[in-house]
Amino acid sequence: MRHILANIMTYAVAVLLFSGAAAFAWMRSAQLTIAGEESIIARYQPAEALTFEWHDLGRASYQRNCMNCHRSDGSGWDQYPPVTNAAEFLASPQGRDYLIDLHVYGLTSSRWRAPMPPMGHILDVELAAVINWIATEFGAAADSDLLVPADVAARRGLGLSPAAVETRRPPVGPTGPR
């Protein structure tokens, strides 16, 4: 009798493990997420507004993703460049594209010893918010120059390498380490 119960328990555990693995595989392949971009955008972009509330999101994103390398005042240090010239980039179409590409695809440059890692995993609304926050906090970006999430979405899918992003840099800002 003990052998029958042991066999039943063994098969029951095997079925439970297989079922759990199958459910987990389905969830991963279905790309289930707890919060989608739509819910985050809805929080910062009311349906009736043409602009989105980016300031708080941008500040929090800078503190979480950027401040470690570029410092709290945006001045950078050692191998990390300052971000105080973002407003200059936003003022030109090539500079706007460069800023977005830099964040989505990363950057490898001979001017700075440390590469910028790609931040393509960050949602469009958050990338637009952090770039806007940097440009207004450390520069004097005009309201007409600020990004919206659709600007970031339009630059995704280009398949640029970090080295290719460097070749697209317009002549704005510092040219090398201090």
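Modeller: Let's settle one term before we start: contact, or touching, means heavy atoms within 4.5 Å. This is a predicted model, where local features need pLDDT of at least 70, side-chain atom pairs count only at pLDDT 80 or more, and totals for chains, interfaces and linings use all residues. Residues are numbered from 1 along each chain as its sequence is written, and side-chain values use heavy atoms, with hydrogens and water left out.

Colleague: Thanks! Which residues does E126 touch, not counting residues up to four places away in sequence?

Modeller: E126 lies in helix 6; helices here are DSSP runs (H or I, at least four residues), numbered from the N terminus. Leaving out residues up to four places away in sequence, E126 touches L57, S61, R64 and N65.

Colleague: Is E126 buried or exposed?

Modeller: Buried means under 20% relative accessible area, exposed over 50%, and partly exposed in between (1.4 Å probe, protein chains only). E126 has 13% relative accessibility, so it counts as buried.

Colleague: Why is helix 6 largely enclosed by the rest of the structure?

Modeller: Helix 6 covers residues 124–137. Its buried residues include V125, L127 and W133. Helix 6 is largely enclosed because the buried residues number twelve of its 14.

Colleague: And what covers the buried residues of helix 5?

Modeller: Helix 5 spans residues 93–105, and ten of its 13 residues are buried. Among them are Y98, L99 and H103. The cover includes helix 4, helix 6, helix 7 (149–155) and helix 8 (162–167).

Colleague: Which residue follows helix 5?

Modeller: The residue there has a positive phi, near 85°. That residue is G106.

Technical notes:
Helix = DSSP H or I, 4+ residues; strand = E, 2+ residues; numbered from the N terminus. Expected span 1.5 Å × (residues − 1).
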